[in-house]
Amino acid sequence: MRLRPIPPMFYRESENNPFDACLVCGKHFERDTLYVVEKAFQTYQPYSSRDLVFEYAMCIDCYQEFSASMSDESRAAMDEYMQGRVDFDEREEALMNDPDPDTSRWTSSCLVSGKPIQELDGYQAVGLFMGNWMIVSHLPCVIGSDVIGEIVDKLSNKTIDMLSGFVDEHFPKPPGYEKDIPRPVLVA
Ligand SMILES: [Zn+2]
């Protein structure tokens with residue numbers, strides 16, 4: 001396991017500091033608490049400016065429960081989609097052997113399509129953390145909204161309802177944001 005300083009990309013946007021509590025159970029993060037952060041951005045061309053659409057941190061217990069509520073069909077469909085498109089083992093090895101403490105190049109393009117984030121309409125960034133550190137594995141990663149759309153198309157209705165319920169409960173639409181709020185991607 002390799003620890004890196006938390007990149008500002010994964011800070012809580014409004015406070016410009018790392019997250020300190022779980023969105024779901026409210027547990028405060030201690031030095032050894034494992035948690036996942038996911039942030040969704042919308043990008044505006046031609047200047048590649050970006051707006052935050054949602055962000056959350058979830059302790060690993062809540063995250064695993066959330067992830068386990070995904071239906072078996074959806075899990076299988078997602079695995080099948082990723083297979084052949086992403087070599088997670090290779091990525092993990094490369095990331096762990098990268099001597100550069102700055103991990104930003106690993107979140108500069110879509111995990112699946114390889115498109116640079118500046119060229120995407122939107123993207124979601126996911127990372128795994130422990131206290132004030134980021135854990136390097138196949139994560140951190142970024143997935144483009146085009147790829148997320150393709151994945152969502154393969155999920156069961158039950159899983160889509162579950163993800164939509166989560167979004168409705170926790171993320172009101174930002175002012176001026178007209179599209180549907182994207183669903184979380186469960187890749188951690
Ligand atoms: Zn929790």
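**Around helix α4 and strand β6**

Let's start with helix α4: its buried residues are covered by, among others, strands β4 (122–130) and β6 (141–144). Keep in mind that this is a predicted model.

**Helix α4**
- In α4, which runs over residues 145–154, the buried residues are Ser145, Val147 and Ile148.
- Those residues sit on the same side of α4, because they cover an arc of only 150° around the axis.
- In general, an α-helix has 3.6 residues a turn, so residues three or four places apart point the same way.

**Strand β6**
- β6 is covered on both faces.
- Cys141 and Ile143 are buried on one side, while Val142 and Gly144 are buried on the other.
- β6 pairs with β4 in the antiparallel sense, over four bridges.

**The largest nonpolar core**
- This core has 38 residues, and Met58 and Ile143 are the ones with the most contacts inside it.
- At least two core residues come from each of β2 (34–44), β3 (49–59), β4, β5 (133–136), β6 and α4.
- The biggest giver is β3, with six residues.
- Setting aside neighbours within four places in sequence, Ile143 is in contact with Cys110, Leu111, Val112, Tyr123, Gln124, Ile148 and Val185.

Technical notes. Residues are numbered from 1 along each chain as its sequence is written. This is a predicted model: local features need pLDDT of at least 70, side-chain atom pairs count only at pLDDT 80 or more; totals for chains, interfaces and linings use all residues. A residue is buried if 20 or more other C-beta atoms lie within 10 Å of its own, exposed if 12 or fewer, and partly exposed in between; C-beta atoms are placed from the backbone. The arc is that of the directions from the helix axis to the C-beta atoms. Two residues are in contact if their C-beta atoms, placed from the backbone, lie within 7 Å. A nonpolar core is a set of buried Ala, Val, Leu, Ile, Met, Phe, Trp, Tyr and Cys residues joined through C-beta atoms within 7 Å. Two strands pair if DSSP finds at least two bridges between them.
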